Amino acid sequence: MSVPNDRKYLASHEWHKQDGDTVTIGITQIAADELTDVTYVALPKVGERLQANARFGEIESVKATSDLYTGVSGTVSEINAALAANPALVNTDPYNQGWMIKVKASNPDELAKLLSAEDYLKQTGHS
């Protein structure tokens, strides 16, 4: 299974894509496949402050409920409102339309501590 090389990852399956000081966060296809049919995504409010490696929400599927984590500190600048009406976007397009939140990073250097695509695959046993 491939994961995009233009992002950084947490071992808990969240991807982080940097664009300047904004970081878009979602979950990997591996996680979406393990969850199966996503039925609900609980996201923080715009303006909420997040700390690196802290929980920012949860995702529910027909199989399980899992916490969502951020690898960067900052302020939520946008949430993917489309997920409220269509949480299945996480299953069908997790790297694009299924993104979850955008964070204005207070310390973009934290991204350097996250896993590369190759390291994420190794750490999760998918290489």
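A: Start with a charge over a ring. Lys102 lies over the face of Trp99, at 5.1 Å from the ring centre. Keep in mind that this is a predicted model.

Q: Which residue lies over the face of Trp15?
A: Arg7 does, at 4.5 Å from the ring centre.

Q: How many aromatic pairs does the structure hold?
A: The structure holds two. Tyr9 and Tyr120 form a stacked pair, with 5.0 Å centre to centre and 20° between the planes. Planes under 30 degrees apart count as stacked. Tyr9 lies in strand E1 (residues 8-9) and Tyr120 in helix H4 (residues 117-123), so this pair ties together parts 111 residues apart in sequence. Tyr9 and Tyr120 are buried.

Q: How do Trp15 and Tyr95 pair?
A: Trp15 and Tyr95 form a tilted pair: 6.3 Å centre to centre, 40° between the planes. Trp15 sits in strand E2 (residues 14-19), Tyr95 in the loop between H3 and E9, so parts 80 residues apart in sequence are tied together. Both Trp15 and Tyr95 are buried.

Q: Now the cores. What is the general idea behind them?
A: In soluble globular proteins, nonpolar side chains tend to be buried together. Here, the largest nonpolar core has 24 residues. Ile27, Val41, Ile59, Val90 and Met100 touch the most other members. Elements that give two or more residues to this core include strand E3 (22-27), helix H1 (29-35) and strand E6 (55-61). Another core lies apart from it, with ten residues, among them Val3, Trp15, Tyr95 and Leu115.

Q: What does Ile59 touch, not counting residues up to four places away in sequence?
A: The contacts of Ile59 include Ile27, Leu35, Val41, Leu68, Val90 and Met100. Ser66 in E7 is the bridge partner of Ile59.

Q: How do I read the sheet?
A: Follow the strand order. Three strands form an open sheet in the order E4-E6-E7, with antiparallel pairing. The edge strands are E4 and strand E7 (65-69), and each pairs on one side only. The twist averages 25° from one strand to the next. Five bridges join E6 to E7.

Q: Is Ser77 buried, partly exposed or exposed?
A: Compare its accessible area with the cut-offs: buried is under 20%, exposed over 50%. Ser77 has a relative accessible area of 39%, so Ser77 is partly exposed. Its place is in strand E8 (residues 74-79).

Q: How far apart are Ser77 and Lys104?
A: In sequence, 27 residues; in space, 6.0 Å, C-alpha to C-alpha. Ser77 touches Lys104, and its other contacts include Thr22 and Val46.

Notes:
Residues are numbered from 1 along each chain as its sequence is written. This is a predicted model: local features need pLDDT of at least 70, side-chain atom pairs count only at pLDDT 80 or more; totals for chains, interfaces and linings use all residues. Side-chain values use heavy atoms; hydrogens and water are left out. A nonpolar core is a set of buried Ala, Val, Leu, Ile, Met, Phe, Trp, Tyr and Cys residues joined through side-chain atoms within 4.5 Å. Buried means under 20% relative accessible area, exposed over 50%, partly exposed in between (1.4 Å probe, protein chains only). Helices (H or I, at least four residues) and strands (E, at least two) are DSSP runs, numbered from the N terminus. Contact means heavy atoms within 4.5 Å. Two strands pair if DSSP finds at least two bridges between them. Axes are lines fitted to C-alpha atoms, for helices over the stretch in contact, and angles run from 0 to 180 degrees between N-to-C directions. Rings of Phe, Tyr and Trp (its six-membered ring) pair if their centres lie within 6.5 Å; planes under 30 degrees apart count as stacked, over 60 as edge-to-face and the rest as tilted. A charge sits over a ring if NZ of Lys or CZ of Arg is within 6 Å of the ring centre and within 35 degrees of the ring normal.
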